[in-house]
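Q: Hey, I've just opened this one and I'm new to it. Can you walk me through a few spots?

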Amino acid sequence: MNSINSPMQKIRYNNFDFYIKRDDLLSHEFSGNKARKFYYFLKKDFKNIKKIISFGSAQANSLYSLSCLAKLKNVKLDFYVKHIASHLEKNPSGNYEAALLNNANIIKKDFANIQEYIEHNILKSEKDYVFIEEGGRVKEAEFGVKILALEIEEYILKNNIKNCKIMLPSGTGTTALFLQKNLKNNEVLTCACVGDENYLKQQFSLLEKDKTYHPTVLQREKKYHFGKLYKEFYEVYQDILKQTNIEFDLLYDPLGLLSLSAYLKEYKKEEKPNIIYIHQGGLLGNKSMQERYERKFL
Ligand SMILES: *Cc1c(COP(=O)(O)O)cnc(C)c1O
């Protein structure tokens, strides 16, 4: 990744104009949310490091991004998973397949608390490694997210955009939190895709005690479970693709866009804020989600 600045694009979706920060276009190998969060490690000197160790789901975007990072840095990746669906193991696809092609070492360990298992059993016997928590929930993530904040701030200033808010859907909340911390003049809006609103606020507190740095969490209209299929999610995905020609991810963005629409409905037309929505990538995971949607709803 030579330059890190991603393009901004103006779109119209459901008769509302907003800006899309195209982090999905950062680079082919290393893009989206995880590229921002792992940028610190990309820039870090790996002279004395032989291996990256992490854990998470076998379909995670972070698995693929870390496999790219390991390849770029010429080190190994040991990625621990609790479980691999037998269908996926027999027919690798998406992030899992791409990570295997990058020679990721995906290790199955069925422990209730896999993080504790790694910290207590694996790391002791390893040397010269970096350990990255699930989904990049680490303080080092601020380094790359701060650059994203600077790019956004510069764009807002240069284009004289008034009353501007930034929206992005959250998993661990790491990106939204560090974005708000580094965007002093603009409110960051987010929604909880993994767990509920309280879980997300707890995640913010783990990374930053000062609540004035916490993003605003939009209330969801109903409870959604991460990775489950919802008809309205697939409709949002198809609608925005049709209207803008931009493909969004199927795990986070549908809820992000639904929450944003509900939020904007509360404003009078002339008082609506300008919105910059961050496209955080993750499209490699879409293929298997799409297949699941088509099996379920078509
Ligand atoms: C990881 C990821 C997120 C969630 O990011 P957090 O920093 O964990 O909140 C959102 N969208 C995509 C596409 C991702 O890959």
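Q: Let's start with Ser-31: where is its place?
A: Ser-31 sits in the loop between S2 and helix H1 (32-37). Helices (H or I, at least four residues) and strands (E, at least two) are DSSP runs, numbered from the N terminus. Before we go on: this is a predicted model, where local features need pLDDT of at least 70 and side-chain atom pairs count only at pLDDT 80 or more, while totals for chains, interfaces and linings use all residues. Residues are numbered from 1 along each chain as its sequence is written, and side-chain values use heavy atoms, with hydrogens and water left out.

Q: What does Ser-31 touch?
A: Not counting residues up to four places away in sequence, Ser-31 touches Asp-23, Asp-24 and Leu-26. Contact here means heavy atoms within 4.5 Å. Ser-31 and Gly-282 are 251 residues apart in sequence, with 8.4 Å between their C-alpha atoms.

Q: And why is Ser-31 called partly exposed?
A: Because its relative accessible area is 23%. Buried means under 20%, exposed over 50%, and partly exposed is in between (1.4 Å probe, protein chains only).

Q: OK, S2 came up. Which order do the strands of its sheet follow?
A: The order is S1-S2-S10-S7-S8-S9, six strands in an open sheet with mixed pairing. S1 and strand S9 (216-217) are the edge strands, each pairing on one side only. Two strands count as paired if DSSP finds at least two bridges between them.

Q: How many bridges join S1 to S2?
A: Six, and S1 and S2 run antiparallel. Met-8 has Lys-21 in S2 as its bridge partner. S2 also pairs with S10, in the parallel sense over four bridges, and there Lys-21 stands opposite Ile-278.

Q: What about the hairpin of S1 and S2, how many residues are between the strands?
A: Two residues, and Asn-14 in that hairpin takes a positive phi near 50 degrees. Most residues other than glycine have a negative phi. Asn-103 also has a positive phi, of about 65 degrees, and lies in the loop between helix H5 (94-101) and S5. Asn-103 is exposed, at 67% relative accessible area.

Q: Switching to pockets: which residues lie nearest the centre of the second largest pocket?
A: Asn-14, Phe-16, Ser-261, Leu-264 and Lys-265, out of 23 lining residues. Strand S1 (8-13), strand S2 (16-22) and helix H11 (253-265) are the elements that give two or more residues to that lining. H11 gives the largest share, nine residues. The space in this pocket is about 490 Å³.

Q: How do you define a pocket, and a volume?
A: On a 1 Å grid over the protein atoms alone, a pocket is an open set of points with protein on both sides within 12 Å along at least five of seven lines, whereas a cavity is a set where a 1.4 Å probe fits but cannot get out; lining residues have an atom within 4 Å of a point. Grid points are joined across faces, edges and corners, and a volume is the space filled by probe spheres set on the points.

Q: Back to H11. Is it mostly covered or mostly open?
A: Mostly covered: 10 of the 13 residues in H11 are buried. Among them are Leu-257, Leu-260 and Leu-264. What covers the buried residues includes S2, strand S7 (164-167), strand S8 (188-190), helix H10 (231-244) and strand S10 (274-279).

Q: Last one: what is Lys-109 in contact with?
A: Leaving aside neighbours within four places in sequence, Lys-109 contacts Tyr-80, Val-81, Lys-82, Ile-114 and Tyr-117. Its place is in the loop between strand S5 (105-108) and helix H6 (114-122). The C-alpha atoms of Lys-109 and Lys-82 are separated by 5.1 Å, although these residues are 27 apart along the chain. Lys-109 counts as partly exposed, at 28% relative accessibility.
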